[in-house]
Each structure stands twice: as C-alpha cells, then as structure tokens.
Amino acid sequence: MNEVLHTLSKIGIVPVIAIDDPKKAVPLARALVAGGLNAAEVTFRTAAAEEAIRAIAAEVPDMVVGAGTVTSRERLDRALAAGSQFIVTPGFNPDTVKYGLDKGALMLPGTATGGEMEQAMALGLEVVKFFPAEDNGGVKKLKALAGPYRELKWMPTGGVNTKNMMDYLSFNQIVACGGTWMVKKDLIEGECWDEITAICKEAVKVMLGIELAHIGVNTDSREEAERLAKLVSCMLGLSPRDTGKSWFAADNSIEFMSHKGPGTNGHIGFRTNSVERCIYHLGRQGVEFNEDSITYNDKGAPKFVYLKGEYGGFAIHLVNK
C-alpha cells in the first residue's frame with residue numbers, strides 16, 4: 001500500500017475541513033494533532049482552501065494534509081502546489097483522475113456505484129472514497145460489494161460520526177473514515193480549539209476501544225496454576241478453564257500461568273479494536289512496544305504486541321478483539 005495511505009489507515013479518521021479564514025488553519029490543525037488526528041482533508045468548497053493547505057503543510061509537519069472537492073485540473077494543480085499529499089474528488093471524473101495520476105498524485109476519487117469503482121480499479125487505484133456513505137447504503141452496501149471487489153478498499157465519508165464509525169472501521173476493507181463532526185463550522189469560527197481536541201480524543205478512544213481483557217499471574221508449576229484457578233473459581237461460583245499452558249478463572253478475567261511468562265509477577269492483557277492503530281496512536285504519545293513480540297493476522301496486520309518494560313512487576317500486552 002502507498003505510504004501515505006498506510007499512514008491514513010493507521011490514523012483511522014480523517015477530518016474533512018471547510019475553512020473560510022486561512023489564518024485559522026494552523027491552530028485548527030494543531031488542535032487536531034493534539035487530539036490524535038494528524039490528518040485532514042481541506043476541501044475546495046471555500047476560497048481559503050489553497051492558502052490553508054499551504055499554511056498547514058509549512059507549519060504543522062506532523063499533519064498529513066490533503067485536498068478535497070477537487071473537481072478540475074486547475075484545482076488539482078493548485079492543491080499539489082500548496083503541498084497536498086493526497087487528492088480527494090467528490091465524484092468519479094476519469095479525466096481528473098488520470099490527470100492527477102500522470103502527475104504522480106495520490107488520488108482518492110469519490111465513488112458510489114460498482115461501475116465507478118470498476119473504472120477506478122482499471123486505472124490501478126487500490127483505495128477510493130465512498131461518498132456520501134450513509135445515503136448510499138453505508139457499510140452494508142460496501143460489504144455486499146466486497147464480494148466482487150475483494151482487492152478494493154474504501155474511505156467512506158458522509159454521515160459518519162463517533163456513533164457509527166466502528167461499523168465501518170471494523171470491516172477490513174475500510175482504510176479510514178472521513179468526517180466533519182469534529183470540525184463543525186461553528187467550532188472553527190468560534191476558535192474552540194480545546195473543544196475540537198476533546199472531540200478528537202473521544203473519537204480516537206472509541207476507535208481504539210481499549211479495555212481490560214485479563215490479568216495473568218505467574219506460578220511455579222502447572223499444579224500451582226490449577227490449584228489457584230480452582231480456588232478462585234470456587235469462591236466466585238464459576239468453573240475454571242484449562243488451556244494446556246495456563247488455567248483461567250473468574251470468567252476468564254484471571255489467568256494463572258503454568259510457567260514464568262513475561263513480567264516478573266505476570267502480565268496484564270488489554271483488548272483493542274486494532275493493535276496496529278494502538279501501536280501508532282500510543283506510539284505518538286511516547287509508549288514503546290517490543291517489536292519482536294508482534295504477531296500478525298492472515299492479512300498481515302498486527303494482532304498482538306507487548307509493551308516494552310514492566311509496570312509494577314507486570315508486562316502489558318494488547319490483543320485484537
């Protein structure tokens with residue numbers, strides 16, 4: 001996958017910005033980055049788009065900035081000259097798409113039908129925008145189209161929000177979701193940067209969906225693990241479960257290891273919607289991961305990883321739900 005597309009996939013959510021005052025572009029971009037969303041599609045629905053893209057590209061290097069509502073060759077040229085790293089069109093115009101590809105641009109044309117998607121694939125595109133997503137049948141339609149278009153991936157935009165975005169992001173042919181709910185016009189005009197940051201943080205929290213899976217306790221032997229699992233299960237009126245390598249108790253919330261696993265005392269396991277996105281987002285906050293511990297699913301995406309080091313004598317790992 002293209003490097004920029006891979007980054008957008010790890011970010012997961014791409015704010016779609018319509019900005020009237022280019023002077024607000026940089027503080028807006030910084031508010032998004034502070035909230036964990038270091039990507040943005042600045043739409044040419046306003047006259048300020050080109051200047052806003054140029055300012056963000058120059059002053060917020062952490063931001064992956066692209067241009068949206070690119071409906072002509074002239075707009076495409078202006079977007080690229082301003083520093084756009086990707087180009088999004090509202091519909092599928094073969095002439096505009098071919099022109100952009102000839103210039104080496106990363107093109108994400110808008111599509112709504114199978115016919116448009118096939119045309120995009122014929123031009124060598126691996127990802128297209130699905131717009132307007134909710135009005136065109138949402139993720140249900142994309143799952144239906146996934147049968148004949150197994151190699152195609154989508155970035156749905158239009159009607160996506162914190163409440164329904166996981167319906168899309170849980171489908172493995174979705175690269176990322178575009179949305180406007182964190183960059184509403186009144187928030188930008190009122191310079192509500194802290195509020196925008198808070199909305200972004202909430203969206204990232206929901207997207208990652210990190211929750212406690214279990215606590216693993218190291219024991220000296222299989223017999224000791226079994227004894228402890230049966231004791232705790234008896235106390236709680238539950239049944240223990242033998243995995244061969246460990247015993248689970250307390251409705252699978254406590255694991256007694258039959259051997260000394262990672263961590264002096266044991267480990268703490270967390271479930272997440274996406275280990276890959278956790279590695280990216282938590283990594284940007286300074287969390288370090290043991291890359292040698294990563295295991296991958298059949299799609300080549302990380303599904304399990306340990307954090308570096310110990311925490312109170314415990315190792316910590318993340319695993320996909």
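**Helix packing, pocket and backbone features of the predicted model**

Within helix H2, the buried residues (under 20% relative accessible area, with exposed meaning over 50% and partly exposed in between, for a 1.4 Å probe and protein chains only) are Ala25, Val26, Leu28, Ala29, Ala31, Leu32 and Val33. The structure is a predicted model, in which local features need pLDDT of at least 70 and side-chain atom pairs count only at pLDDT 80 or more, while totals for chains, interfaces and linings use all residues. Residues are numbered from 1 along each chain as its sequence is written, and side-chain values use heavy atoms, with hydrogens and water left out.

The protein chain contains 12 helices and 17 strands; these are DSSP runs numbered from the N terminus, with helices (H or I) of at least four residues and strands (E) of at least two. Its C-alpha trace spans about 75 × 45 × 35 Å along the principal axes. Of the 321 residues in the chain, 51% are buried. Among contacts (heavy atoms within 4.5 Å) with a separation of 6 or more, 63% join residues 24 or more positions apart.

Helix H2 is mostly covered, with seven of its 10 residues buried. These buried residues pack against strand S1 (13-17), strand S2 (39-43), helix H3 (49-59), H9 and H10. The axes of H2 (residues 25-34) and H10 (residues 193-208) come within 7 Å and cross at roughly 35 degrees; axes are lines fitted to C-alpha atoms, for helices over the stretch in contact, and angles run from 0 to 180 degrees between N-to-C directions. The crossing of H2 and H10 is right-handed, a term applied if the near helix is turned clockwise from the far one by less than a right angle, and left-handed if anticlockwise. From H2, the contact involves Pro27, Leu28, Ala31, Leu32 and Ala34, which meet Trp193, Ile196, Thr197, Cys200 and Lys201 of H10. By class, the contact of H2 with H10 comprises eight nonpolar, one polar and one charged residues; Ala, Val, Leu, Ile, Met, Phe, Trp, Tyr, Cys and Pro count as nonpolar, Asp, Glu, Lys and Arg as charged, and the others, Gly among them, as polar. Gly36, which follows H2, has a positive phi near 100 degrees.

Helix H10 also packs with H12, at an angle of about 145 degrees and with the axes 10 Å apart. Val204, Met207 and Leu208 of H10 make this contact with Arg277, Cys278 and His281 of H12. The residues of the contact between H10 and H12 divide into four nonpolar, one polar and one charged. His281, found in H12, counts as buried because its relative accessibility is 3%. Residues up to four places away in sequence aside, His281 touches Lys10, Ile11, Gly36, Val204, Met207 and Leu208. The C-alpha atoms of His281 and Val204 are 8.4 Å apart in space, although the two residues are 77 apart in sequence.

The largest pocket holds about 930 Å³ of space. On a 1 Å grid over the protein atoms alone, a pocket is an open set of points with protein on both sides within 12 Å along at least five of seven lines, whereas a cavity is a set where a 1.4 Å probe fits but cannot get out; lining residues have an atom within 4 Å of a point. Grid points are joined across faces, edges and corners, and a volume is the space filled by probe spheres set on the points. The lining of the largest pocket consists of 29 residues, with Asn172, Glu276, Asn297, Lys299 and Ala301 nearest its centre. By class, this lining has 11 nonpolar, 11 polar and seven charged residues. Helices H1 (3-11), H8 (165-169) and H12 (275-283) each supply at least two residues of the lining. Ser9 is found in H1 and counts as buried, at 14% relative accessibility. Beyond residues up to four places away in sequence, Ser9 touches Val175 and Arg277.

Several loops show backbone features of note. Most residues other than glycine have a negative phi, and most peptide bonds are trans. The peptide bond from Phe131 to Pro132 is cis, with omega near -15 degrees, and Pro132 is placed in the loop between strand S7 (127-130) and helix H7 (138-145). Glu191, in the loop between helix H9 (185-189) and H10, has a positive phi near 55 degrees and is partly exposed, with a relative accessible area of 45%. Asp251 likewise has a positive phi, of about 55 degrees. Asp251 lies in the loop between strand S12 (246-249) and strand S13 (254-257) and counts as exposed at 61% relative accessibility.
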